[in-house]
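I opened my notebook to look up a few things in this model.

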Amino acid sequence: MEDQNLNQESQQEIQKDVYDSGSGSTPQKSGALAALILGIIAVVIDLVSLFTGLAIIVVTPAIALVLAIVGLVLAVKARKLGIESEKGMAVAALVLNIIGLIFSAIILVACVACVACAAAAVQSNPDLVNQINDQLKNLPTPQ
C-alpha cells in the first residue's frame, strides 16, 4: 500500500517537473497561445481576401471561418482552465477569434449573395452570356 502511494506521489512530482521545467509551458498556456495564433491568422486571411479581391474565391473566407471557430473553442477552454497570468492572452485570443468569425461570416454571405445575383441575372436573360462573350472578344489584347 505504501509502495502505491509512493509511486503515485513520484508520478505526480514527475508530471509537475515536466510542466515546471523546460519551456515553462502549461497546457492552458499552450491552448491560449494556439487560440491567439489562430485568431491572428483568421483575421489576416480575412483582411487579405477582402482587400485583394480574393474573397471571390470562397475558399479563403471558409478557411478563416474554420480557424476562427477552432480558435474560439480553444480560447474559451484556455480562459476557463487557465491560471490567472494567462487569462489576458486567452481574452485577447477570444476577441480576435470573434472578430475573425464575424468578418468571415460577412464575407461568405456577401460572396453567396453575389453568386446568387449573377445566376439570377443570367437566368432571366439567357442572351446575356452571349453579349458578354461578344464584348470580351472585342477588347484589345495587351502587347
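**Order of elements.** I read the elements from the N terminus on, and they run α-α-α-α-α. I noted 5 helices and 0 strands for the chain. The model is predicted, and I keep that in mind throughout.

**Whole chain.** I looked up how much is buried: 20% of the 143 residues count as such. The chain exposes about 10100 Å². Carbon and sulfur atoms supply 67% of that area. Then I turned to contacts with a separation of 6 or more. Residues 24 or more positions apart account for 71% of them.

**Nonpolar patch.** I found a nonpolar surface patch of about 880 Å². Among its residues are Leu47, Leu50, Phe51, Val91, Ile99 and Phe103. Which helices each supply at least two residues of the patch? I wrote down α2, residues 27-52, and α4. The largest share comes from α4, with 7 residues.

**Leu50.** I picked Leu50 from the patch. I located Leu50 in helix α2. Its relative accessibility is 49%, so I list Leu50 as partly exposed. The exposed class begins over 50%.

**Ser104.** Next I went to helix α4, residues 87-124, where Ser104 sits. Is Ser104 buried or exposed? I put Ser104 down as buried, because its relative accessible area is 0%. The cut-off for buried is under 20%. I also checked what Ser104 touches, leaving out residues up to four places away in sequence. My list reads Asp46, Pro61, Ala64 and Leu65.

Terms used
Residues numbered from 1 in each chain as written. Predicted model: local features only at pLDDT ≥ 70, side-chain atom pairs only at ≥ 80, totals over all residues. Heavy atoms only, no water. Helix = DSSP H or I, 4+ residues; strand = E, 2+ residues; numbered from the N terminus. Buried < 20%, exposed > 50% of the residue type's maximum accessible area, 1.4 Å probe, protein only. Contact = heavy atoms within 4.5 Å. Areas by Shrake-Rupley, 256 points an atom, 1.4 Å probe, with all protein chains shown as cover. Patch = residues over 30% accessible without salt bridge, like charges linked within 9 Å, V, L, I, M, F, W, Y side chains within 5 Å. Salt bridge = Lys/Arg side-chain N within 4 Å of Asp/Glu carboxyl O.
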